[in-house]
Each structure stands twice: as C-alpha cells, then as structure tokens.
Amino acid sequence: MTHDLVAALHPLLTAEASAEAYASGGEPADLEQAVWLRLLERLETDGPPLDPQGWVRKAVRAEARRSRRTTRVERPYGAEPVDDTRPGPEQLALTAARHRALRAAVRRLPGRCPRLMEALLSPKDLTYREIAGELGISQGSLGPERSRCLGCLRRLLTPEVAAREARG
C-alpha cells in the first residue's frame, strides 16, 4: 500500500517541489524530502490521506512557506565558521599555557641560564654575536652554555610533562 502510494505521488511531488522551491529560496530536492518525511509521519499516525494529490499540493506549499520564513530569519556566515588554517580557541589556550610554563621554568634556571634562554626566546631573533655581547660572554662559549642550560631546562620540565601525561 505505502509503496504504491509513494510510486503514484512521486511525479506529482517532483513537479510541485520544482515549481515551489525556487520561490521559497530552497532546493527542490530539500522540499521533496521534507514532504516525504511529513507523509511518512502522517502514515504512522493518521494513515494515508483521503485525497493524496491534494494533500501533496498542500504539503508542498506549507513546506515552501516554512522554508521562506526560515530563509528570512537565518543569515549566512560572512566566512566559513570552520577555518582549519587558524588555531581555534582551545589550541590558543593550550599554546599560551605551554609558553607560560616554559617561561616559568626558564626563570627557575641557575646562573646565567635565565638571561641566555630569554635572549634565545626573544622575538627579536638575536644573533649569537648580539646575545654574547648582551650577556658579556665570548661567542665561542655561547654554544656550550646554551647546551648546558637546555639540559637544565629539560630536567626541570620533564617532571611537569610526565605528570600532565599521567593525568590525561
């Protein structure tokens, strides 16, 4: 019974949806799908309509009106809401937290290490010559000092990283 009804109404529904969809600002297939859904819901509750062709025409027009109302209320995004090229708020928050943890660990380093690491992390992108001049040490000792400071920093951060991974 249902299959016969669907087969009989399909050409009429396709024609009606095509005629109404563009005026409502929608796609004919979307309108058709909405009417099929309404028909299935009706079949479950009230059974088949007494005048199936009349019911289809009324249902198409009702769905077209609903679509027009929705189109008037909804506004499109100015840009795509999901932009994979830029980090999202969660990523920005996590990055900021990592930077704060790194800066805090750098401040706990011994000797000249905090000043050396701050110079290396500087947004100015200083050269080794500029860093050596700023710290008052020879450029040749900067590499070994940097390695020693990075080792200390690694030891400071290892317990924090291990503790975070254990919780997660």
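Visitor: Why is D125 called exposed?

Guide: Its relative accessible area is 66%. Exposed means over 50%, buried under 20%, and partly exposed in between (1.4 Å probe, protein chains only). So D125 counts as exposed. The model is predicted: local features need pLDDT of at least 70 and side-chain atom pairs 80 or more, while totals for chains, interfaces and linings use all residues. Residues are numbered from 1 along each chain as its sequence is written, and side-chain values use heavy atoms, without hydrogens and water.

Visitor: Where is D125 found?

Guide: In the loop between α5 and α6 (128–135). Helices are DSSP runs of H or I, at least four residues, numbered from the N terminus.

Visitor: What makes the phi of D125 worth a look?

Guide: The angle is positive, about 55°, yet D125 is not a glycine. Most residues other than glycine have a negative phi.

Visitor: How do you know that E63 is buried?

Guide: E63 has a relative accessible area of 8%. That falls under the 20% limit, so the residue is buried. E63 sits in helix α3 (residues 52–73). Leaving out residues up to four places away in sequence, it touches L31, A34, V35 and R38. Touching here means heavy atoms within 4.5 Å.

Visitor: What makes the E63 and R66 pair a polar contact?

Guide: Their side chains are joined at 2.7 Å. The definition asks for N or O atoms within 3.5 Å, one able to donate a hydrogen and the other to accept it.

Visitor: Why are α1 and α2 called oblique?

Guide: The axes of α1 (residues 2–24) and α2 (residues 28–45) cross at roughly 140° and come within 9 Å. Under 35 degrees is roughly parallel, over 145 roughly antiparallel, 65 to 115 roughly perpendicular, and the rest oblique. The angle belongs to the rest, so the two helices are oblique to each other. The crossing of α1 past α2 is right-handed.

Visitor: Which residues of α1 and α2 meet?

Guide: From α1, they include L5, L9, L13 and A17. From α2, among them are L31, V35, W36 and L39. The residues of this contact divide into 13 nonpolar, four polar and two charged.

Visitor: Why does C113 count as buried?

Guide: Its relative accessibility is 0%, so C113 is under the cut-off and buried. C113 lies in helix α5 (residues 113–121). Neighbours within four places aside, C113 is in contact with R148 and C149.

Visitor: How far apart are C113 and L150?

Guide: In sequence, 37 residues. In space, 8.5 Å from C-alpha to C-alpha.

Notes. Axes fitted to C-alpha atoms, helices over the stretch in contact; angles between N-to-C directions. Left-handed = near helix turned anticlockwise from the far one by under 90°. Nonpolar A, V, L, I, M, F, W, Y, C, P; charged D, E, K, R; others polar.
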